[in-house]
Amino acid sequence: MRDKFIIGRYLPLDTFVHRRDPRAKLIFVFLFIILIFFAHSFFTYLWLFIIIVTMMKTAHIKAWFLIKGLTPIWIFLIFTFLMHLFLTKGGIRIFEFGFISIDTHGILEGIYIVLRLMFIIMVSTIMTLTTSPLDLTDAFERLLYPLKLIKIPVHLLSMMMSIALRFIPTLMNELDKIILAQKSRGSEISSGGLINRVSAFIPLLIPLFISAFQRAEDLAIAMEVRGYDTNKQRTSYRQLNWQKSDSLLLISIIPIVIILFVLKYMGV
């Protein structure tokens, strides 16, 4: 389970993407996700896919490793595709049985929406794999610093984000231990059909939630005994260093936008 869930994990490599300022990566990913919503044809999605593959190669992330990270959401992606397949109408009708019908427009919309969700998850996962949770939290806090002027607790939001990112792999570790413990007692979790697997997985949630609450309580007590005060002004031990290559990373979004809209309005 832990190997299939890579959200929140960090790969400590030394690549061009890893060395970039986390603020630049956050802004780039945010703009790229916005661009994904403007893609609505085969060639526009192909262009975005080329950019994502380039990011993967530059960050030395293997394709199978990233695709394996999509395993936990495959059911959601299939459900989304089926919803558009049966509910979106238009184009040429290729199947009809009673009140159930499938049109070409529904097939295309289903494929495009699934690709859109996959691209969003893939580019976000690339960012988390190449950026440590602490750097990501610092970047988040620095970018949202102007919101402090209107009394928004940016520091608290950043701290919650950091704790959440750290808890994801910890909970996956805990879930692996619970699954192994259940298997050693004769529980058939990974065998049988889909319904049997889901019904066998539900009892695992109770000890997992108990463990999560226990860890959260231990963390709160540890912060309290160390005198942590959310109202105090805090300095940062890690200093972010913006370089020219970070500016070039953001500038690179311009040709990506131009080519995307050229493909979009050419109708290809």
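I began with contact range. Among contacts in the chain with a separation of 6 or more, 74% join residues 24 or more positions apart. I note that this is a predicted model.

Next I checked burial and surface. Of the 268 residues in the chain, 35% are buried. The accessible surface comes to about 16600 Å². Carbon and sulfur atoms hold 70% of that surface.

Then I read off the secondary structure. I found eleven helices and two strands. Along the sequence the pattern runs α-α-α-α-α-β-β-α-α-α-α-α-α.

I turned to the strands. β1 (residues 93–97) and β2 (residues 100–103) pair in the antiparallel sense. Four bridges join β1 and β2. I looked up F95 and found I102 in β2 as its bridge partner. The two strands form a hairpin with two residues between them. In the turn, G98 has a positive phi of about 65 degrees. How many of the five residues of β1 are buried? The number is zero, so β1 lies largely in the open.

I went on to the nonpolar cores. The largest has 40 residues, and F32 and L48 touch the most other members. The elements giving two or more residues to this core are α2 (22–36), α3 (42–58), α4 (63–68), α6 (104–130), α7 (133–143) and α11 (253–266). α6 gives the most, with ten residues.

I followed L48 further. Leaving aside neighbours within four places in sequence, L48 is in contact with F32, L35, I36, A39, F119 and L260.

Note on methods
Residues numbered from 1 in each chain as written. Predicted model: local features only at pLDDT ≥ 70, side-chain atom pairs only at ≥ 80, totals over all residues. Heavy atoms only, no water. Buried < 20%, exposed > 50% of the residue type's maximum accessible area, 1.4 Å probe, protein only. Pairing = 2+ DSSP bridges. Contact = heavy atoms within 4.5 Å. Areas by Shrake-Rupley, 256 points an atom, 1.4 Å probe, with all protein chains shown as cover. Core = buried A, V, L, I, M, F, W, Y, C linked by side-chain atoms within 4.5 Å.
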